[in-house]
Amino acid sequence: STLDRSSAASDVYKRQVKGNVRQYKSLSLNSIDLAQQLNRLDALTTLVNFPSLNAPLLPMWGDVSAIFTAESKTAVEKPDLITWASGALYMSISAYELLRRRLEHEGEFLPVSVEGDPGYIFNNLALAKEDPDYTVNRYFDGEKVGLEHLEFDRRDLERRMLFKSEREGCGTLYCTEEFKELCEMNNLNGLIFDEKLLNPFV
């Protein structure tokens with residue numbers, strides 16, 4: 001069955017990427033503030049929906065600044081990496097220098113100053129192929145409301161590190177085991193790697 005294939009897998013080769021917001025601070029930068037900083041209120045719809053549109057932002061990017069905020073009382077540390085918006089990732093300058101060459105073919109790096117320190121937002125534009133035999137839609141009253149189960153084409157993931165799913169709606173960032181190991185090997189903190197690809201909880 002669909003679920004049997006996933007649970008029986010002996011090796012986990014893809015993960016859902018989440019921000020560890022209980023321990024690390026988040027990037028505070030909303031779409032309206034971003035549009036004002038870029039002087040592009042005409043592009044507000046794009047800035048709000050860029051993850052689901054899988055839209056590049058580099059052509060309209062400029063000088064952007066932000067701050068860190070704590071989403072929980074226990075979030076006291078600044079992250080090396082933290083999810084921002086949907087399908088995007090904040091990177092400290094050290095994380096950027098370590099990951100840039102490995103990720104440059106999967107998205108774009110947008111410079112951002114966070115509390116005076118240089119950093120980058122990585123806008124992921126890579127869409128991995130879903131396995132059509134094991135990716136199942138969820139329906140409610142006859143209407144599609146998301147996915148019941150998600151599985152990626154393993155061969156397609158061999159050349160990827162960070163990616164999104166078009167059938168999922170491009171609202172979540174996923175990674176390969178290689179990316180997870182690269183972060184752990186270099187002590188890049190701030191992320192959670194969830195084996196459950198559709199789990200909405202941190």
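**A tour of rings and a hairpin**

Select Tyr-13 and Lys-14 to begin: the charged end of Lys-14 sits over the ring of Tyr-13, 4.4 Å from its centre. A charge counts as over a ring if NZ of Lys or CZ of Arg is within 6 Å of the ring centre and within 35 degrees of the ring normal.

The model is predicted, with local features requiring pLDDT of at least 70 and side-chain atom pairs pLDDT 80 or more, while totals for chains, interfaces and linings use all residues. Residues are numbered from 1 along each chain as its sequence is written, and side-chain values use heavy atoms, leaving out hydrogens and water.

Next, display strand 4 (residues 81–84) and strand 5 (residues 88–92), which pair in the antiparallel sense over 4 bridges. Strands (E, at least two residues) and helices (H or I, at least four) are DSSP runs numbered from the N terminus; pairing requires at least two DSSP bridges. Trp-84 has Ala-88 of strand 5 as its bridge partner. Among the 3 residues between the strands of this hairpin, select Ala-85, with a positive phi near 55°.

Now turn to Tyr-96. Its ring and that of Tyr-120 are stacked, because their centres are 3.8 Å apart and their planes at 15°. Rings of Phe, Tyr and Trp (its six-membered ring) pair with centres within 6.5 Å; planes under 30 degrees apart are stacked, over 60 edge-to-face, the rest tilted. Tyr-96 lies in helix 4 and Tyr-120 in strand 7 (residues 117–124), so the pair ties together parts 24 residues apart in sequence. Both Tyr-96 and Tyr-120 are buried (under 20% relative accessible area; exposed is over 50%, partly exposed in between; 1.4 Å probe, protein chains only). Finally, select Phe-109 and Phe-122, which ring pairs link with Tyr-96 and Tyr-120 into a cluster.
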